Amino acid sequence: MATATVEAGVCPTRDLPRAEEDLRSFGACVVLDAIAPAMLKEIRQAVYHAADSDRRRGWRRDYAYGSDDHLNQRVWNLPSRDPVFCDLAEHEVAMHFVRQVVGWPALLSSMSANITSGGGASMILHADQGYMPQPWNRPHGVNIGVCVDDFTVENGATCYVAGSHRLNRTHTAEDATPLTPLTAPAGSMIVMDGRLWHTNGVNTNGVSRAGIFSLYTLPIYLPQENWFLSLNPAIRQFGSETLQTLFGFRPQVMGRINGLDRI
Ligand SMILES: O=C(O)CCC(=O)C(=O)O
């Protein structure tokens, strides 16, 4: 039975080099106060507004990735819902970890909110790069999470298996999978190596917990969200070069347009 050796766990910090150490050791880290209060307020309003709008119109989406179906609400394609999510996609702390873990150029695979509420259920334990061919010898992606609300044990903080990224594979039924909650205050950024086994915790107190999860990958993978069909064209028109790259509009070798990297 293969298990990761765990001496301690992630220690939330404002110090990026300290956070990087956690990321290397445990496969995750938490950066406190990564999102400035004004931006957090804007993000929170936009997330809950989009979720409420989807519910009222019958557009609500669940992810159905485990027993969380009909309990956790997902809001997909956030960059098209409000420009503040474009700012988040290229946030300097996010970009710091994307460049460090994945390199540059990278693609934004998806950006969605996961809102846990009462009822208590979680997704299946997974690694975000679980769909990528194994064996792995490095992270092919990094998930940048944002705590829109405080993440607590009771409201379903993200849980992870410390050190599982070092096993370089998805888990099997034989693996011990001790879960550690990533508790963190609103405004924190959670960074997870694409190989890390994780899930959302079970929400037992009915207090909503919104988290935004953005998966960035090597530029060789088809994104989870089909940006070419779903992205608001204004982003294509007005977005920065960084955004154009993240959404796949600045191809390197693949995805060129008549041999060129732009129209
Ligand atoms: O909602 C959470 O805490 C985890 C979400 C997650 O695992 C994912 O989106 O891949």
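Helices (H or I, at least four residues) and strands (E, at least two) are DSSP runs, numbered from the N terminus. The model shown in the close-ups is predicted.

View A. Six strands form an open sheet in the order 1-7-4-9-3-2, and their pairing is antiparallel. Strand 1 and strand 2 (73-75) stand at the edges with a single partner strand each, so one side of each is left without a neighbour in the sheet. From one strand to the next, the twist averages 20 degrees. Within this arrangement, strand 4 (residues 141-147) and strand 9 (residues 209-217) run antiparallel and are joined by seven bridges, and Cys147 has Gly211 of strand 9 as its bridge partner.

**View B. Helix 1 and its cover.** In helix 1 (residues 16-26), the buried residues are Ala19, Asp22, Leu23 and Phe26. Seen down the helix axis, these buried residues fall within an arc of 100 degrees, so they line one face of helix 1. Their cover includes strand 1 (28-31) and strand 7 (189-193). Helix 1 packs on the sheet, where it touches strand 1 and strand 7, and its direction makes about 155 degrees with that of strand 1. Gly27, which follows helix 1, has a positive phi, near 90 degrees.

**View C. Helix 4 across the sheet.** Helix 4 (residues 92-101) lies across strand 1, strand 4, strand 7 and strand 9, and runs at about 160 degrees to strand 4.

View D. Most residues other than glycine have a negative phi, and most peptide bonds are trans. The bond from Trp104 to Pro105, however, is cis, with omega near 5 degrees, and Pro105 is placed in the loop between helix 4 and strand 3 (107-116). Gln134 and Pro135 are likewise joined by a cis peptide bond, with omega about 0 degrees, and Pro135 is found in the loop between strand 3 and strand 4.

View E. Asp33, a residue other than glycine, has a positive phi near 55 degrees, and its place is in the loop between strand 1 and helix 2 (37-57). Because Asp33 has 15 C-beta neighbours inside 10 Å, it counts as partly exposed. Asn77, which is not a glycine either, has a positive phi of about 50 degrees and lies in the loop between strand 2 and helix 3 (84-89). With 19 C-beta neighbours inside 10 Å, Asn77 also counts as partly exposed, since a residue is buried if 20 or more other C-beta atoms lie within 10 Å of its own.

Key
Residues numbered from 1 in each chain as written. Predicted model: local features only at pLDDT ≥ 70, side-chain atom pairs only at ≥ 80, totals over all residues. Buried ≥ 20, exposed ≤ 12 C-beta atoms within 10 Å, placed from the backbone. Arc of directions from axis to C-beta. Contact = placed C-beta atoms within 7 Å. Pairing = 2+ DSSP bridges. Axes fitted to C-alpha atoms, helices over the stretch in contact; angles between N-to-C directions.
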